[in-house]
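Thanks for coming. I will take the pockets, then the sheet. Please have the model open while I talk.

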Amino acid sequence: MIDLSVPIRSGMPVYPGDPDVEVQVVHTVESHGWELRRVTLGTHTGTHVDAFSHMHKGAPALDAIPLERFFGKAQVVRPDGKWPRDRGLFFKEEIGMEVFARLKEFRPPFVGGELTEALERELLGAGILTYTSLVHLDLIPEETDFTFYGFPLPIEGGDGSPVRAVAVLE
């Protein structure tokens, strides 16, 4: 198992204009008998999934997307390399509109990596989920199947959600 998630912490980097992240201790074992934190963050903080509604008004929100869309077989591939069909695709390098036509042809259930805003918008419009701010993709052998899990929080009407992204190698 490889954890592909960025740890959530106060002051972590966020997209310009997004809410700052704050993690505050509210109760301690010493004062209340249990520990509790308040977490304030945007829905696109750290490693996260984007719902179709993130960039398309009237498109399905998180709670309207079936759970089985958030996991499945996947591969780490290169933009100009061999791509499998019926697999999620993850890229170690930033990708943009130069790969959109090929992605639309292959129709992966989800795409992950550092995606340009234009590519993310087009993928979501084409019904392809997007995952961003992933780490440790370099630990996964390229063009090798693994099972990806990236479940969102069940946010009613949610446009996106932080996820605990995990790759399980065969």
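The largest pocket holds about 510 Å³ of space. A pocket here is an open set of points on a 1 Å grid over the protein atoms alone, where a 1.4 Å probe fits, with protein on both sides within 12 Å along at least five of seven lines. Points are joined across faces, edges and corners, and the volume is the space filled by probe spheres set on them.

This is a predicted model, where local features need pLDDT of at least 70 and side-chain atom pairs count only at pLDDT 80 or more, while totals for chains, interfaces and linings use all residues. Residues are numbered from 1 along each chain as its sequence is written, and side-chain values use heavy atoms, with hydrogens and water left out.

Back to the largest pocket. Its lining has 21 residues, meaning residues with an atom within 4 Å of a point. Nearest the centre are Y15, H44, H48, E120 and T132. By class, the lining has 7 nonpolar, 8 polar and 6 charged residues. Nonpolar covers Ala, Val, Leu, Ile, Met, Phe, Trp, Tyr, Cys and Pro; charged covers Asp, Glu, Lys and Arg; the others, Gly among them, are polar.

Which element gives the most to that lining? It is α3, with 3 residues. Both α3 (117-125) and β4 (48-50) supply at least two. Helices (H or I, at least four residues) and strands (E, at least two) are DSSP runs, numbered from the N terminus.

The second largest pocket has a volume of about 180 Å³. Its lining is D3, S5, V6, P7, I8, T47, P162, V163 and R164, which divides into 5 nonpolar, 2 polar and 2 charged.

Now the sheet. It is open and mixed, with 9 strands in the order β1-β11-β9-β5-β6-β7-β8-β4-β10. Strands count as paired if DSSP finds at least two bridges between them. At the edges, β1 (2-3) and β10 (160-162) each pair on one side only. Helix α3 packs on this sheet and touches β4, β7 (110-112) and β8 (129-132), contact being heavy atoms within 4.5 Å. The directions of α3 and β8 make about 145 degrees; axes are lines fitted to C-alpha atoms, for helices over the stretch in contact, and angles run from 0 to 180 degrees between N-to-C directions.

Some pairings, to finish. β1 and β11 (166-169) run antiparallel, joined by 2 bridges, with D3 opposite V166. β9 pairs antiparallel with β11 over 4 bridges, F148 being partnered by A167. β5 (71-77) and β9 (146-149) are also antiparallel, over 4 bridges, and F71 has Y149 as its partner.
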